[in-house]
Amino acid sequence: MRRSAPGHHALGEALRTILCIAAHPDDNEHVIAGSVARWAREGRDVVFCLVTSGGAGTNEHTPDSAGLIPIRERECREAARILGVREAVFLNYQDGVVEPTLELRRDLTRVIRRHRPDVVVCGDPTVRWYGSDYLNHPDHRAVASAALDAVFPSAETRAIFPELLTEGLAPHKVKQVLIAGSLEPDTWIDIGDTFDVKCAALRAHVSQLGAGEWVEDVLRAWAERDGKRAGLKLAEAFRRMVL
Ligand SMILES: [Zn+2]
């Protein structure tokens, strides 16, 4: 089997457990939710890990971040339910000031060893900006960087973070990483059947979107753009690492 043949449109049958690591409660819904819904429909076990609870997400609806956090966690859990995700794990880092520290890497290593995913999905820590109108959020880069370092070498190496062994968390080897938002994608997941679910899940983030009138148009434009490169009507694009 070729290890890095481009253009796969589906995950291998043997990849049953998927952990999606993101910085903010609505990141997964913007970027990978069509794939997530598809994997859940295929009977795979999907877990979300959110490093922050999005306390800096808006100043409009609540007076402070402490008031916003439970709202955003609730919205995230509702979105996860819509997508068929089994669980959303929150690490409770402060929104807006995340750094790729050893502490974050250890916390993500703990989540990986506990849930033992075949596949980890995360962002691309190397992307500083997209096009000429979006500076990639520093939390996105920090979380993606720590996530990749947690996958390798931390999760699979006994001698790294020995305190996790005393918690009963044995080393675990992740088989594949799907990097979303990469500028050099090589894998496209067909989301034609789950696009509507993706829209519904993103709309669950009412504190961020209000009525969300733009959701379908924007998500469709992104999915068509990514699909075009793979000969699909609607797709989400990833860079795939086979470890
Ligand atoms: Zn975000």
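The structure shown is a predicted model. In this model, Tyr134 is partly exposed, with a relative accessible area of 38%. Tyr134 belongs to a stacked aromatic pair with Tyr130, and the structure holds two aromatic pairs. A zinc ion is also present, coordinated by His24, Asp27 and His140.

**Aromatic pairs**

- The ring centres of Tyr130 and Tyr134 lie 6.2 Å apart, with 20° between the planes; planes under 30 degrees apart count as stacked, so this pair falls in that class.
- Tyr130 is partly exposed, its relative accessible area being 24%.
- Trp39 and Phe238 form a tilted pair, because their planes stand at 40°, with the ring centres 6.2 Å apart.
- This second pair links distant parts of the chain, as Trp39 lies in helix α2 (residues 33–41) and Phe238 in strand β9 (residues 235–242), 199 residues apart.
- Trp39 counts as buried at 0% relative accessibility, and Phe238 is buried with a relative accessible area of 0%.

**Zinc site**

- The zinc ion is coordinated at 2.1 Å through ND1 of His24, OD of Asp27 and NE2 of His140.
- Along the chain, the zinc donors follow the spacing H-x2-D-x112-H.
- Asp27 is in helix α1 (residues 27–31) and His140 in helix α5 (residues 138–154), so the pair ties together parts that are 113 residues apart in sequence.
- Asp27 counts as buried at 14% relative accessibility, whereas His140 is partly exposed, with a relative accessible area of 21%.

Conventions. Residues numbered from 1 in each chain as written. Predicted model: local features only at pLDDT ≥ 70, side-chain atom pairs only at ≥ 80, totals over all residues. Heavy atoms only, no water. Donors = N, O, S within 2.8 Å, 3.2 Å for Na, K, Ca; no water. Helix = DSSP H or I, 4+ residues; strand = E, 2+ residues; numbered from the N terminus. Buried < 20%, exposed > 50% of the residue type's maximum accessible area, 1.4 Å probe, protein only. Phe/Tyr/Trp six-rings, centres within 6.5 Å; stacked < 30°, edge-to-face > 60°.
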